[in-house]
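Here is a short briefing on one protein chain. Please have the sequence and the 3D view open while reading.

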Amino acid sequence: MLISPRHCAFNLQSSVTHTKTSKHVRQNAFLKIIALCCIALLGASANYAQNSVCSIYGTAPDYANQTITVYAYSDYFTKLEEKLTSFTVDETGHFSASFPCNTVREIFMYLGVYKCFAYAVPGKNMELLLPPRIEKDLADEFNPYFKHEDLSIGVLNDSDGGLNELMLDFTGEYSTFVENNFQILYQLHEKSYVDTLVYRLDSIFAPYRSNTFFEEYKNYEFTGLRYMVYMRNPMTVTRRYYVNKPILYNNAAYMNLFWQMWRNYLKNNHMKGMGKDIKTAIMYGKSPHMFNEVMEKQVAFRNDTLKELFLLQCLDDCFGMPDVFPPATVKQTLDSLILITHIPEHKHIAQNIWRKRNVLTVGDTITDFHLVDKDSVPFNLESFKEKYVYINYCRSENYACLQDYRVLQEMNKKTKRDLHIVTLSAEKDFDTFRNFVNDNPQYNWEFLYVTDHPEVLQAYRLKAMPSYMLLDPDGNLVLASAPTPLDNFQQKFADIIIEKRKKDAEIKKQQHKYRMW
């Protein structure tokens with residue numbers, strides 16, 4: 001059969017058209033797949049973002065127009081506090097707030113005489129029941145060692161096996177049993193009573209074993225009781241309940257038991273056995289490597305992560321024994337751990353240990369702050385460069401502070417060329433702070449609100465009121481406990497300025513000589 005050229009051309013064109021159509025179909029299919037993947041990815045991202053936030057709300061007329069701050073422990077090793085968020089209760093008593101929450105986390109709020117706790121759960125919207133408002137009296141307000149009463153916050157929509165309800169019920173049952181049987185447990189060391197409690201509470205809470213956080217908390221509370229009553233060997237408990245198990249950094253029962261077992265181990269054992277070897281590793285090794293070699297002999301610490309956690313505990317204790325462990329040497333080991341650890345939680349804990357243990361000395365560069373004035377304008381130390389900074393920690397209801405303010409008012413007129421005065425104000429709330437500053441324009445230096453920032457007070461070692469410190473123009477510490485205005489600070493500062501000008505003149509003189517040469 002003969003095939004005409006026209007037929008050939010038609011077939012060729014059809015083939016080309018078919019090829020182009022197929023290619024177009026494949027491209028469309030590919031683009032659809034990409035689009036579906038993007039939609040799925042965006043959905044997953046949105047879902048992750050939603051589940052990485054915890055929201056709280058409620059009604060508390062007692063706290064109308066009050067600003068409340070929500071805190072969490074930065075870690076359970078140092079228990080330094082960090083601010084998560086703050087909210088203002090409206091005039092009708094309603095409030096709401098949200099904050100980042102990637103894992104179950106214990107949160108707390110200071111409400112008058114109470115320190116109120118709850119567990120934040122990722123992705124949850126929790127309705128809180130705040131306690132009746134009972135304010136601290138002035139004596140308590142000015143007592144730097146006042147201890148708040150711990151109180152669990154009710155979560156109204158957490159019924160039917162929610163974490164907060166479980167924790168509250170378990171703590172109530174556990175505490176009641178321990179209190180009623182205290183003498184038998186802690187003096188007679190009756191193992192059978194511990195077994196009875198474990199069996200009873202395991203039975204009560206058996207339906208909730210799927211709640212991983214609660215189950216782990218419950219089990220480590222039981223382990224803590226066993227340790228206190230009859231399993232008194234920390235190495236045995238560590239080997240049985242810690243080695244080759246996940247480290248639960250956000251679980252208070254887990255971390256508190258580890259702390260109870262190993263706190264002050266070096267204080268009591270640095271002259272013998274394993275303690276002596278650890279002391280040598282820290283004093284001469286100055287890095288985790290030698291410590292790891294020492295601990296490799298111990299079966300309970302053959303887990304590298306657990307070994308590093310124990311090193312953090314040892315280093316924290318070492319800072320409390322400066323006569324035995326020179327702080328500079330301990331700091332070298334801590335810095336080395338921060339540099340080489342692959343575990344973010346350990347780096348974070350190590351940095352917090354230094355924040356907690358660091359003693360301010362002359363010449364230290366002071367940690368920066370981020371605070372606001374009465375108009376909510378942000379300030380940090382950079383805002384006060386080029387002059388010395390006289391920081392005072394005060395509150396308007398403190399009579400000594402009010403006396404100092406009047407003296408500072410006159411002093412500021414004479415020293416403002418060389419000196420910034422900065423008051424870190426610890427008023428009970430922001431409205432009180434703003435009203436006091438607005439009502440006293442004669443105090444024309446900078447007042448910054450510090451009440452919501454306990455980390456600043458921790459870093460600057462501020463407890464008693466009034467407290468003072470002096471920084472140089474570069475933000476370095478000149479006087480950790482500076483004299484008050486009534487204790488002749490002005491004369492002390494004049495001597496510092498005169499000495500600085502002499503040094504500056506000498507430096508200029510030397511520089512001039514070098515240029516002439």
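The model is a predicted one. Its chain holds 18 helices and 16 strands. Of the 517 residues, 44% count as buried.

**Overall contacts**

- Take the contacts in the chain with a separation of 6 or more: residues 24 or more positions apart account for 67% of them.

- Met321 has a relative accessibility of 10%. The cut-off for buried is under 20%, so Met321 counts as buried.
- Lys267 is 54 residues from Met321 along the chain, yet their C-alpha atoms are separated by 7.5 Å.

**His453, between S14 and H17**

- His453 lies in the loop that runs between strand S14 (446-449) and helix H17 (454-460).
- His453 is buried, at a relative accessible area of 16%.
- From His453 to Ala426 is 27 residues in sequence and 9.5 Å in space, C-alpha to C-alpha.

**Helix pair H10 and H12**

- Two packed helices are described by the angle between their axes and the distance between the axes.
- Helix H10 covers residues 273-285, and helix H12 covers residues 304-318. Their axes come within 12 Å and cross at roughly 80°.
- Angles of 65 to 115 degrees count as roughly perpendicular, so H10 is roughly perpendicular to H12.
- H10 supplies Met274, Ile278 and Ile282 to the contact, while H12 supplies Phe310, Cys314, Leu315 and Cys318.
- What classes of residue make up the contact of H10 with H12? There are seven nonpolar, no polar and no charged residues.

**Helix pair H13 and H14**

- Helix H13 (residues 327-340) and helix H14 (residues 344-357) have axes that come within 9 Å and cross at roughly 155°.
- Angles over 145 degrees count as roughly antiparallel, and H13 and H14 are therefore roughly antiparallel to each other.
- The crossing of H13 and H14 is left-handed.
- On the H13 side, the contact involves Lys331, Leu334, Leu337 and Ile338. On the H14 side are His346, Lys347, Ala350, Gln351, Ile353 and Trp354.
- The residues of the contact of H13 with H14 are six nonpolar, two polar and two charged.

**Salt bridges within a helix**

- Side chains of opposite charge can pair when their charged atoms come close.
- With a cut-off of 4 Å between side-chain nitrogen and carboxyl oxygen, the count comes to 20 salt bridges.
- Lys191 and Asp195 form one of them, at 2.9 Å, N to O. Both belong to helix H5 (residues 191-204). They are four residues apart, so about one helical turn separates them.
- Lys191 is partly exposed, with a relative accessible area of 42%. Asp195 is also partly exposed, at 33%.
- Lys413 and Glu410 form a salt bridge at 3.3 Å, N to O. Both belong to helix H15 (residues 399-415). They are three residues apart, so about one helical turn separates them.
- Lys413 counts as exposed at 54% relative accessibility, whereas Glu410 counts as partly exposed at 40%.

- Where do the two partners Asp418 and Arg501 lie? Their salt bridge has its closest N and O atoms 3.4 Å apart. Asp418 is in the loop between H15 and strand S13 (419-425), and Arg501 is in helix H18 (residues 489-516). The pair therefore ties together parts that are 83 residues apart in sequence.
- Asp418 is partly exposed, with a relative accessible area of 23%. Arg501 is partly exposed, at 42%.
- Lys136, Glu141, Arg395 and Glu397 are joined in a network of salt bridges.

Technical notes:
Residues numbered from 1 in each chain as written. Predicted model: local features only at pLDDT ≥ 70, side-chain atom pairs only at ≥ 80, totals over all residues. Heavy atoms only, no water. Helix = DSSP H or I, 4+ residues; strand = E, 2+ residues; numbered from the N terminus. Buried < 20%, exposed > 50% of the residue type's maximum accessible area, 1.4 Å probe, protein only. Axes fitted to C-alpha atoms, helices over the stretch in contact; angles between N-to-C directions. Parallel < 35°, antiparallel > 145°, perpendicular 65-115°, else oblique. Left-handed = near helix turned anticlockwise from the far one by under 90°. Contact = heavy atoms within 4.5 Å. Nonpolar A, V, L, I, M, F, W, Y, C, P; charged D, E, K, R; others polar.
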